[in-house]
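Take a look at the structure below. The paragraphs after it go from the whole chain down to single residues.

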Amino acid sequence: MRALLIAAAALGLVAAAPAPPLRIAAIGPAAAACAAVGGGAPAGEKAYYDHLAKRLQREVLKCPFASRAEAATALAAGKVDMAWLDPATFAPVQAQTRAILTVRATNTSNRIPVYVAVRGADPARDLAALKGRLIAFGGASPAGHATPRAVLAERGLGAGAYREKVEVDGDAALAELRKGAVDAVAVHAAAWQRVCRMVSPKDPEPCRDLRVLVKARPEAAEAIVIRRDMPDELRFRLIGIHMPLHLEAPAAFAYAAARPGAAEFQPAEAEALTLADLK
Amino acid sequence: MAATPAGDGRLRGEGMARSVWRGAAFALGVLALAGCGERGPKASADDWRSQVKDVKMAVQGNNDDPQMVRRREVYRDYLTKALGVPVKLYESSDYNGVIQAVSSGQVDIAGIAGGGYANVDAQVGDKVAPLLTTRQAEGETGYYSILVVRADSPVKSLADMKGRSLGYVDYNSTSGYLYPRAAMRKQGIEPDTFFGKTSFAGAHTQAVMALAHGQFDGTILQASGGTPETSFTRGPLRTMARQGLIDLKDFRIVWTAGPIPSEALIARTDRPQPMIDLVRGALAALPYDDPDLWPEIGQLDGSAYTAVNRDHYKEIIELRKEELAHRRGGPAAAGGRPQ
């Protein structure tokens, strides 16, 4: 009898708590109601929706919109749960939504943080003050040069707005700054940490003589965006399912990433589609 | 159903869980008999927590290093909050402890070097899978073995070590044994006969101390956070220097091998998939959600997790097989295998 009661209760729970469907915005010729992806869908698309449904243990629906702006509005209004947005379509819905995933391209690094710093005695308090001045970069690699340049350019300091010196590595760039041979450095986070992280208890703040003007990741060109009120558990599971997609379901990845040279999904900070500095 | 951390409540909770499971199993049987079980149960998002009361994670190390202890606490607290169940860390002072804990299923997840994973793979195959490794700022996903001597040593290269004493870290250490031996063989040096004497220090820290005290002429260590060209920012030498235990100026690197695929976060594949996805996602989100916390768990700024599978460690798995085959081929001659 007890087992029957428990069985009945379990049945009740099962029936009462089905997970709500995950609704994904898709850009198509015209808006339409959310619907399951049918057997006639392209193989990659079907594979993606099936993979998500299986792993999330819930129905996953495709919700067509005519434009990203419409998808963004629907996302903010709670009519869909996930959408691909760019900085322009993200801006109006930034208060209600956040980025969670971007795509890393083959042979590129992560969206690594970049430090722009000057000597402590320098009057510069922002990037605008570096116009026309000499900036040292920590190497010719993409992480050492192209990424810091991108971070500067996104903030109004494009190539030509400053003079540059490309050093062998971040150590050399920071040494040049300290010698007064350059006015500023733009180095990636690991190069900064290599010099500025405590290496001895005798010197716990090795870079207290320098002032950081900017610490930021490059702005993402596109990102998968969700509402900020999505529970962390579902957000983490979406990240945990998408990250190995290229390994576990290549056809689904090819559809979902759908960017030239896409290598893998990587997580993103909430403000990845903006020029916000890191804390 | 939330598990109580310990005590009578936990026992009651588990008993109730068993009752509910029996009932749920009965209910599913009813569904199947009624022809309604075709799509299976509509599991709610936290169903896995009825199967997993806590997440057990094995890590290698000891409590001698306060910084390491602090890192583990940060790691455990973050994961506990993210997973919604207690995360219990099981520390093993040697590599084999972690290997056996995950192979036997005593723990759910573990942080383990490639060589350790190769050992696990040999024991249980696809019952354990790598989930994540780290990609560094410059894009590399590996680290290095380094041969270190005292700064006042006449040894300037690996060739100069002929007939001298060498310290390895541990038989199961990838960077401290497995990989450098394979690299030496590729360079035409048979490690079992080239050195006058070889020994196991037990761990990287002990290897450094043994070298400092003159027990070895050289020792193999791990180094990361850079390349031979850029120099390294992480590894036992740097860690011990930060603790004030050694002065970096007292040591020299005379040889490097690598890169070696970085440590993996591995998981038992017989655990609920939602839990595995959640672990992977929560950890991977950390450097983006809380960049200040990321270095607190011992990660290098600018690095981030990337998803991996068994293929990422194929080279190490093959190297381990070769090493085993070599050892089974007969006892080494002069110098011999480590005692």
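What radius of gyration does chain A have, and what would a compact globule of 279 residues have? Chain A has 24 Å, while such a globule would have a value near 19 Å. The radius is taken over C-alpha atoms, and the globule rule is 2.2 Å times the number of residues to the power 0.38. The C-alpha trace of chain A spans about 80 × 50 × 35 Å along its principal axes.

Some conventions come first. This is a predicted model, in which local features need pLDDT of at least 70 and side-chain atom pairs count only at pLDDT 80 or more, while totals for chains, interfaces and linings use all residues. Residues are numbered from 1 along each chain as its sequence is written, chains are lettered from A and ligands numbered from 1 in the order in which they are written, and side-chain values use heavy atoms, leaving out hydrogens and water.

Chain A contains 10 helices and 12 strands. These are DSSP runs numbered from the N terminus: helices are H or I with at least four residues, strands are E with at least two. The domain assignment, which is automatic or from a database, gives domain 1 (19-108 + 220-267) and domain 2 (114-216) in chain A. The C-alpha centres of these two domains of chain A lie 36 Å apart.

Of the 279 residues of chain A, 52% are buried. Buried means under 20% relative accessible area, exposed over 50%, and partly exposed in between (1.4 Å probe, protein chains only). For contacts in chain A with a separation of 6 or more, 78% come from residues 24 or more positions apart; a contact means heavy atoms within 4.5 Å.

Is N107(A) buried or exposed? N107(A) is exposed, with a relative accessible area of 76%.

In chain B, F194(B) is part of helix α6 (residues 191-194). F194(B) is buried, with a relative accessible area of 11%. Leaving aside residues up to four places away in sequence, F194(B) touches L158(B), A159(B), M161(B), K162(B), G163(B) and I189(B). Elsewhere in chain B, a cis peptide bond with omega about 5° joins G258(B) and P259(B), and P259(B) lies in strand β9 (residues 251-261).
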